[in-house]
Amino acid sequence: MAPPQHNKGKKRFVDRREAKSIDIKRALTHRARLRKNYFKLLKHEGLEEQSKDKSESLNEGSDDEENHEAKLRQHHESKSKKPKPTSFAERAAIAKQRKAENRHERLQKVQEKLTNVARQEKIRELKKKELSQKTKRGQPVMGPRINNLLEKIKRNNE
């Protein structure tokens, strides 16, 4: 007799770390299996053997040995031509110069912001003065108000 199952409709607890590690293992084995099958296929078609034959034939020639030595010499020469590490004073001077440039850029940005704020403030003040005009009898002048509304409509349509 099988034991009664009380939790048939309930979800059981799933450890997320464990599930993730199982997924990773599954992906790795899948990838390894694919790779193994790929190399088997290459071997079956004879492509792998051809590449080995080419490398063996290249190693036999004396010209190739000379080319190899020349490449090694070039490699050693390129290593010896490394730029010398800069001294502490030079690095400090470069850092100081970069800081000065950054400071100058920040000051320019602040200056631009201040000029923009001042310009916007002047525009607002002129607009306020224009819109608050009154007639002889104390009524608001409607011309500037209508122009203001038309400008807003044009801005919204753009």
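**A friendly note on a helical model**

1. Of the protein's 158 residues, 3% count as buried, where buried means under 20% relative accessible area, exposed means over 50%, and partly exposed lies in between (1.4 Å probe, protein chains only). The protein exposes about 16,500 Å², and carbon and sulfur atoms supply 54% of that area; such areas come from the Shrake-Rupley method with a 1.4 Å probe, and for residues only the protein chains shown count as cover.

2. Please keep in mind that this is a predicted model, in which local features need pLDDT of at least 70 and side-chain atom pairs count only at pLDDT 80 or more, while totals for chains, interfaces and linings use all residues. Residues are numbered from 1 along each chain as its sequence is written, and side-chain values use heavy atoms, with hydrogens and water left out.

3. What elements will you find? The protein has five helices and zero strands, running α-α-α-α-α from the N terminus on. Helices (H or I, at least four residues) and strands (E, at least two) are DSSP runs, numbered from the N terminus.

4. Start with helix H1, residues 16-45: its 30 residues reach 44 Å from first C-alpha to last, close to the 44 Å expected at 1.5 Å a residue. That expected span is 1.5 Å times one less than the number of residues. Just after H1, Gly46 takes a positive phi of about 85°.

5. Next, look at helix H4 (residues 88-131) and helix H5 (residues 142-157), whose axes come within 9 Å and cross at roughly 135°. Axes are lines fitted to C-alpha atoms, for helices over the stretch in contact, and angles run from 0 to 180 degrees between N-to-C directions. H4 and H5 are therefore oblique to each other: angles under 35 degrees count as roughly parallel, over 145 as roughly antiparallel, 65 to 115 as roughly perpendicular, and the rest as oblique.

6. Which residues meet there? Lys127, Glu130 and Leu131 in H4 meet Pro144, Arg145, Asn148, Glu151 and Arg155 in H5, with contact meaning heavy atoms within 4.5 Å.

7. Asn148 is buried, with a relative accessible area of 12%, whereas Ile146 counts as partly exposed at 45%.
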